[in-house]
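Subject: Structure for you to look at

Hello,

Below is the structure I said I would pass on.

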Amino acid sequence: MKKILVTGAAGFIGFHLTLKLLARGDYVVGVDNITDYYGTDLKELRLKKIGEHDDACNFQFIKIDISDRKKMLDLFEDNRFDVVVNLAAQAGVRYSIENPHVYADSNLVGFLNVLEGCRHQKVKHLIYASSSSIYGMNVKQPFSVHDRSDHPISLYAATKKSNELMAHAYSHLYKIPTTGLRFFTVYGPYGRPDMAYFNFTENILSGTKINVFNSGDMQRDFTYIDDVVDGIVGSMNKTPCAHINQDSNSSPPCSIYNIGNNNPITLRRFISAIESACGMKANEILLPMQPGDVPVTFADIDSSINDLGFRPKIKIEEGIRRFVSWYKEWKG
């Protein structure tokens, strides 16, 4: 049994990961500050579902804001974590334009507190969430972890790139094994209600119009939650070793991987899948591209396949069918 810290345990990915870890016999300490960014009811429901798990006795929840330095110091001193998975962050590209300071507190100060905890308690492996948004307006497709990622077009993307640089520095200075996972548009049951597919489903079922940006021509590498969790677990089984970077003389034990579907689809096809699952057509309002959005995301996952055994299995129509089925049950 490993003792694993999952930050953001009441969040979408953290919830599903916690259930997976409990099922395989790990002891999980979950922390979350239950922010009201998209309301707290769904977060409370996720925690309730974890509490109903057969192995819930191996789960401890602690309400903590990771930007609270003292509480994070106490958390690490009171526990001896084998692995830390940092999923706590302020999400949302558009929200970062309106509320920049929230991102600095959670995604920068909070992540620094996680790194410091791992440093002082000599954690064996830190895995943390990065994002496909760090590729910005890259033209080359698919996005490779070897491509440049130094021109983000949103503050959210900039904070995620900063996390990668901070992790690299701590790996170099203190030999902390770190693995960054660049997630590509994760979707599925118990997801984030601020995501477009929630809004599309709700509005299609109620007959309300939906906003479709860029005429639905944007492409996203939509990745189903179960596949994403498999990628995280795969990374937990692959602790990085020190290696010489081909572009420098540094040799930190750190790695970066794309966790995507390697199969981008248009927003138009995504909406069609929701229409099919709902059994209803959408009424659309066509709008231009929004600030901070990118036209395409497309993950090169060769290294994820080779190193992590990561192979996405869920096709978009099946994933959307599962989501809509859950959504109808959730809404009653």
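The structure holds 25 aromatic pairs, where rings of Phe, Tyr and Trp (its six-membered ring) pair if their centres lie within 6.5 Å, and planes under 30 degrees apart count as stacked, over 60 as edge-to-face and the rest as tilted. This is a predicted model, in which local features need pLDDT of at least 70 and side-chain atom pairs count only at pLDDT 80 or more, while totals for chains, interfaces and linings use all residues. Residues are numbered from 1 along each chain as its sequence is written, and side-chain values use heavy atoms, with hydrogens and water left out.

Aromatic rings

One of the pairs is Tyr 190 with Trp 326, which is tilted, at 4.9 Å centre to centre and 45 degrees between the planes. Tyr 190 lies in the loop between strand E7 (186-187) and helix H7 (196-206) and Trp 326 in helix H11 (residues 316-331), so this pair ties together parts that are 136 residues apart in sequence. Helices (H or I, at least four residues) and strands (E, at least two) are DSSP runs, numbered from the N terminus. Tyr 190 counts as buried at 14% relative accessibility, and Trp 326 does at 9%; buried means under 20% relative accessible area, exposed over 50%, partly exposed in between (1.4 Å probe, protein chains only).

Phe 198 and Phe 323 make an edge-to-face pair, with 4.9 Å between centres and 65 degrees between the planes. Phe 198 lies in helix H7 and Phe 323 in helix H11, so here the parts tied together are 125 residues apart in sequence. Phe 198 is buried at 3% relative accessibility, and Phe 323 at 0%.

Lys 331 lies over the face of Trp 330, at 4.6 Å from the ring centre. Lys 43 lies over the face of Tyr 38, at 4.7 Å. For this, NZ of Lys or CZ of Arg must be within 6 Å of the ring centre and within 35 degrees of the ring normal.

The 20 residues of H6 (residues 155-174) should span 28 Å at 1.5 Å a residue, and its end C-alpha atoms are 28 Å apart, which agrees. The expected span is 1.5 Å times one less than the number of residues. Buried residues of H6 include Tyr 156, Lys 160, Lys 161, Glu 164 and Tyr 170. Among the elements that cover them are helix H5 (100-120) and strand E5 (125-131). Just after H6, Lys 175 takes a positive phi of about 60 degrees.

H5 has 21 residues and reaches 30 Å from first C-alpha to last, close to the 30 Å expected. Among its buried residues are Tyr 103, Asn 107, Phe 111 and Cys 118. Their cover includes helix H3 (69-78), strand E4 (83-86) and H6.

Thr 223

Thr 223 is in strand E10 (residues 223-224) and counts as buried at 0% relative accessibility. A polar atom of its side chain lies 2.9 Å from the backbone oxygen of Asp 221, and the side chain reaches the backbone nitrogen of Asn 261 at 3.3 Å. Not counting residues up to four places away in sequence, Thr 223 touches residues including Phe 184, Tyr 187, Ile 259 and Asn 261, contact meaning heavy atoms within 4.5 Å.

Regards

Technical notes. A polar contact is a pair of N or O atoms within 3.5 Å; within protein, one must be able to donate a hydrogen and the other to accept it, and residues adjacent in sequence count only if both atoms are side-chain atoms.
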